[in-house]
Structure formats: C-alpha cells, structure tokens
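Work through the exercises below with the sequence and coordinates at hand. Each task is followed by a stepwise solution.

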Amino acid sequence: MSKTLILGAHVYDPPRGVIGVRHVVIEGATIAEVRADADPPAVREGDDVVDAKGCVLSPGFIDLRAHAREPGDEQDEDLNSLSRTAVAGGFTTVVVTPDTSPCNDDCAVTELILRRSAEIGLCRILPMGALTHRMQGEHLAPIGEMADAGAVCVGDGDQAVRSSRLMRSAMEYASGFNLPVFVHAVDPDLAQGGQMHEGAWSTRLGLRGVPAEAEEAFIGREIALASLTRARLHIAHVSSARGVALIREAKDRGLPVTAETTIWHLALTDQALADYPVNLKLVPPIRGAEDREALRAALLDGTIDAVCSDHTPDNVADKAVEFDAAAPGAIALQTCAGQLFELVRKKLFRPENVLGALTTGPSVALGRPEPRLQVGAAADLVLFDPEREWTLDATTNLSKSRNTVLFGRPVRGLARRTWYGGRLVWGDPQRKR
Amino acid sequence: MSTTLETTSGREATPGPKLRHLLGLEQLGGDEIRGILDVAAHMKSVNLRRIKKLPTLRGVTVVLLFVEPSTRTRVSFEVAAKRLSADTLSLSASGSSFSKGETLLDTAKNLEAMQPDVIVLRHGASGAPHLLAGHVDAAIVNAGDGSHEHPTQGLLDAFTMREKLGDLAGRKVAIVGDITHSRVARSNIFCLTKLGADVHVAGPRTMLPVDVESLDVTAHARVEPAIEGADVVMMLRIQRERQEGVLFPSAHEYHRFFGLDAERLALAKPNALVMHPGPMNRGVEIAPDVADGAQSVILEQVENGVAVRMAVLYLVGAPHGMQPGDAPA
C-alpha cells in the first residue's frame, strides 16, 4: 500500500504546539508515523513524497462561519465550490450558516446539505441549524429534528433574536439536545440602517454608524441568559473592546461561553473604509483601533477562542452599487490563514496563536475533541507555507464570487496541500522515486 | 495655448488648480481651495456683464445626473455649464431608467457611450460619486452625496464669506442645526478649517455626530456659545418630515432652543453674516425677519453658486492648459 511521506515539516500538534521538524507518514486515512528529523522514513516505489521544508504541517483548519449559498443562491457559491475553496485555504471542516434559501430551519435542508457534502467529499461540512422558524425570531425552529439530522449548533445567522424571552427558551431547548447556541449579538434597533462602525470615520464619511454599544448590549444580554439557562453559548464575530471584556468576565465566572472574531476585524480598522470599499462593508462592521487592539489581546489571552473566515460570497451585481445599497460581507476562506500569518509576520502573534484559533479553538466552540497530529489520528492535514506569495485572481480564485478587497492583489501564505481522511484534496501530487 | 486672461481688473487671473474630479473638499488643500475661489471670482465678473457667456467649454458635454431630486442645485449647475458654452444633458430619477430599477453604474455606463466629459451627480447615498469615479472616464463632480459632502455648496459659502470678510483665518463661523445628516455642514467644515477659520457647530445632541471634534471643530449642545462673537452664523435646514419626534420633540421647541432669531443673532459680532443653504423653514430654524434682514446674504449665496460652479466645471472640464476666458482651439 502506497503511503504519503511529508518530509521535514514544522509539525503542529495543538496541545503541544509546534513541536519541531518531523517527518510524517500517512497511511490510509490516518497518520501512521511521526518521525524525528534525523530519522527519515524509507521511500518505496509509488509513495507520494512531499518536500515540506519551510512549511507548517497542522491538523486541517476548522472554520466556524461560512455562508454556503446552497440551496438557493448557487450562482454565488455552492457546496462544491465552497468545499474546493475551503480546502485550498487549508480548511477541512467548515460550519455553514443557515441563511440559505430556503433557510436551514428544517431537517430536510440539514440532510440535503450533509448528503451533498458527502457526495462532494472534499471536506467536512457541518450545518448550523436556524434557531427560529425562517430565522424570523418569532418561534423555535425544530431544533431536535435538526440535531438528529446532523446539525452541530443552532443560530439565526446574521440575525439577532429580538425577544429575550424567546432567546431564553431557545437556549434552554437547544441545551437539552446538547447543541451550542451561536449568536450574532447586536441590538437590532440600535444598529438599524447602520453601514459602518460609528465613530470619527462614520462622521467624516457621512455614513450611518452602528455603535459598538449595540454589540455590547446584546452580548451582555446573551451572557445573562446563558448564566440563567446554563446553555453553551458561542458569540459569533465579536468586534468590540467592550464585547470582549464581557466575554472575558463571563469566562472568569466559569460560564460555558466561547467566542470568535474574523480575520478582517483583527487586521483592519474603520479607517480602511475611507474610499467606500464595498467589500469591507461587513456585519458587524470593522471597528476602531482600540477595538482591534482589544481583539488581538483577547486572542492572545484565550478570551477569543477562534478566528473565522465569515466567508460571504456575493454576486458582483450586489456589490457594484452604492455603499448604502451593497450587500455586506466578503469571501475569505482561501486567504484567511495567509492573512492571519501576516499578523504573525508583524510579530503580533506567535504561530501557535493563529494555528490554535484555526484548530483547537473552533473545536472547543463546537464541543468536539481537540484535533491532534500524532500517530493514529485522522489524516485531516494541511501543509501551509506562510511565505509563499501568490495572487488571488480569476485563475486562482476557487469561489464563484470575488467580493474581497484582496482580489487582484498579492497574498502571502498558501496551503500547498490539504488532506482529508488521508486523501489529497488540494495540491498537486508529485510522485517521486 | 495660454493667452492672457480677460479680467475686469486687467490683471492676469490664476488659471487655478487642474482637477480630475471634485468628489469632496476633504481631499483638497487650502491652496487648491483658494485657487478655485480665485477662478470663481473671475467667473463672477463674467456674470455681471451684459453678455454672460464664455466659449471655454464649447464642445464639452456636461451630464447633470440628479438621482435625488433637487431644483436649486441642478438649475445652478445648468446655468453655470451654459455660460461656459457646454452642451448639457439633464437626467433625474423620475423619468429615467432609475425608476425602472437600473443601477447607478448601468446608467452611467450607458451615458458614457455618449462620451460625456463631465458628470455632475446628485445622489442620496454617501460615496456614490466615488463609485462612479472608479468606473467611468468622465470627470465626476459631486453635487451632494447622502450625508457626506456637497463640495460646491461649501465652496460657494466660503466664496461668499471671503467676499464679505476677506481672509477667513481666525474668523469664527457657527454652523447650527442637523450636523449629523448634513452634507453642507461637512463640506463647510472641511473647507473652512483648511482656510484657517475657527469653526463651531451647534445643535441638539441628537444632531451632533460622534467624535465631531475630530474634524477640528468645537461642538456645542446649545447654540448661544457657538453664536457668541461669531463672524458668520450659518443655519441648516431641518428635515421636519423625517425627524420631528425622534431627533427633536417639535418644530416649536426646535425654534425656541435652536432657531436663529434677532435676539440670538445679537450675540454675534455686530455685522455678522447670516447664511442658509436653502430651502428655508421660516419660523423653524430661522426667524423670517432674520432671514430677510440686513445681515442676511442668503440670496448672494445663490448668485455666487453659479460662479463657483462655473469655476469647478472649467477646472474639471476644460482641456488641459486652457485658461478661463480662452476659446477652444
């Protein structure tokens, strides 16, 4: 039986960190050997040998938040293009939001997503079920049936649940099925009509702002309800310093709360909106410098568990419009890890911080076992070259959409290869003697 | 190409800064703004002649694309373009393909097939002129975008002030009303601070945007400290239909606390200018006797608007190297 020999990679095993240069052998669907640098494996006829010098070998990345667009908006993305984009970005597991058309508020949709993903077979797609019927915040979606069908968490996508009473019962009910509740925490009244972070830049640009306090108010409410119900709560894409402070305090109290932010919120501030770039119009908005510093500190101290892509494919037609009219969101699955390593290069993080935010952190939020890179573990792996430069353009972009400010620009950091269950799902095999 | 300019004084006028677009005043420097105002002064002298026409933009096509309704600004631009001999084409939201759901870019691309040299855009969304500038070849002149900027209004206000007061450095200007939603306020703030004026903004707290001080102005929640000792008091229009009951309780209360009446105006310098970009709500933000009083320059603002817009159209639209007063080759 032929093997894959990955020679000389910097191996990352989440609980132990980057353990050093090792040779890793994949046999079948699992990791068969992890050998010391001085002790390379023998190469046999037919083995796939990968020279991994200078690259990081990590368990496949896990994304907590991507908008799949299938069913309903397959012209923007479908589960096939999403899977290809994900593995090209080093992700082997992707949680997809329920905001499809029809939305995933029914076990039939959950089953459809899982069946299609299994047919495609490039990576593990995990459905987030809607929390409420049609994501309208009026009554509960069939959470139990969706859990049975394979939903791994519940949440209303980018909709906040206005009613505190309904949110309470949603948390109670979901926790009975052992599903974490993923919340988009923002006061919808305070955020209404908002186009960007409310601050000096929104004042300058004449765009209606969403104050950070809109997030603070609802993160506070969700934490209070989690405390009341003892439900597992995950705060999606936290963007503000005060939001982070509330999450830190909740964790200190021992509440089962996890949180994520996005690569854009870690990398940029609202100043980046000076020329009205529609592809930086995000939900929640990119905030000010103090908020960004707080997010970075929170990733370092573990208050923020994970960094997600918040991959949001949108048709060019939804983007070639005035800022007010543009659909928010950007694609990021293919560039996310490279963008994070850019922050390592700037000495803001150690490699373990960003690798943890793409592996262990998301698994904790989902209540799944921590991924390992050791003998016997599943061979869901990414070989990532943080220094490799490439350009995201029409030939390299695997998403059906191209709504990102990085389109046409050079990007640093590339997943050279990705394996899912021992199979090479991204990268060219170079069979050598 | 460069011939001596006709000027009323006989001196050679500055040719002014060449502009690719006029998207806003924030990006311009003080010298560029003064350069535009100097050209406008020359244009104003043309407007006082019996034959109010220059050949400068002959053969230049100016499209007036008014996606948000406006009569005054459109007419002012149209007069300005015609006095420079440009061909004008006017499109408004109703009666154009916008009412059929065509996007701004589609409309602009279609217009572009007719090779316009300048597109003057009025639009309800902040940043709309920036979007156009990134997608079409024509020069874009922002005639008001959402709550962002109204650069020709800012220029004509500065022009009017400069005409009456001379250099604006150190002059106190009070801008009173809905600063948050006012593009006139923003353009005035950007323009006047660059000319060295001491800008104060005032209005109910609901109408002062967050961190407005970051624009180098002093903000007041009551109007008296803003008006006190001011050289200029500029009142902004209140949008009663959208804001009454949410941003302020009633027109009556607004007038009582934030309106400009003779008593409040007396706090300003004795000959302080009273300005308003129009259209006015008489008896709400401004008392009728003040609006029509001796200190009011509101109608002169309108007159100067044509001269300033002529200057702007000339600076973005004239073939390079041409000077105001030149005829095209």
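Axes are lines fitted to C-alpha atoms, for helices over the stretch in contact, and angles run from 0 to 180 degrees between N-to-C directions. Helices (H or I, at least four residues) are DSSP runs numbered from the N terminus. The model is predicted: local features need pLDDT of at least 70, side-chain atom pairs count only at pLDDT 80 or more, and totals for chains, interfaces and linings use all residues. Residues are numbered from 1 along each chain as its sequence is written, chains are lettered from A and ligands numbered from 1 in the order in which they are written, and side-chain values use heavy atoms, without hydrogens and water.

**Exercise 1.** Describe how H2(B) packs on H12(B).

Step 1. The axes of H2 (residues 72–83) and H12 (residues 298–317) of chain B come within 8 Å, crossing at roughly 55 degrees. H2(B) is therefore oblique to H12(B) (under 35 degrees is roughly parallel, over 145 roughly antiparallel, 65 to 115 roughly perpendicular, the rest oblique).

Step 2. The crossing is right-handed (the near helix is turned clockwise from the far one by less than a right angle).

Step 3. Residues in contact (heavy atoms within 4.5 Å) include Phe77(B) and Ala80(B) of H2(B), and Val306(B) and Leu313(B) of H12(B).

Step 4. The contact residues divide into eight nonpolar, three polar and three charged (Ala, Val, Leu, Ile, Met, Phe, Trp, Tyr, Cys and Pro are nonpolar; Asp, Glu, Lys and Arg charged; the others, Gly among them, polar).

**Exercise 2.** Describe the crossing of H5(B) and H6(B).

Step 1. H5 (residues 151–165) and H6 (residues 183–194) of chain B have axes that come within 8 Å and cross at roughly 55 degrees, so H5(B) is oblique to H6(B).

Step 2. H5(B) passes H6(B) in a right-handed crossing.

Step 3. Among the contact residues are Asp157(B) and Met161(B) of H5(B), with Cys191(B) and Leu192(B) of H6(B). By class there are six nonpolar, four polar and one charged.

**Exercise 3.** What lines the largest cavity?

Step 1. On a 1 Å grid over the protein atoms alone, a cavity is a set of points where a 1.4 Å probe fits but cannot get out; lining residues have an atom within 4 Å of a point. Grid points are joined across faces, edges and corners, and a volume is the space filled by probe spheres set on the points.

Step 2. The largest cavity has a volume of about 40 Å³.

Step 3. Its lining includes His184(A), Glu215(A), Ile235(A) and Pro284(A), and comprises seven nonpolar, two polar and one charged residues.

Technical notes. Helices (H or I, at least four residues) and strands (E, at least two) are DSSP runs, numbered from the N terminus. On a 1 Å grid over the protein atoms alone, a cavity is a set of points where a 1.4 Å probe fits but cannot get out, and a pocket is an open set with protein on both sides within 12 Å along at least five of seven lines; lining residues have an atom within 4 Å of a point.
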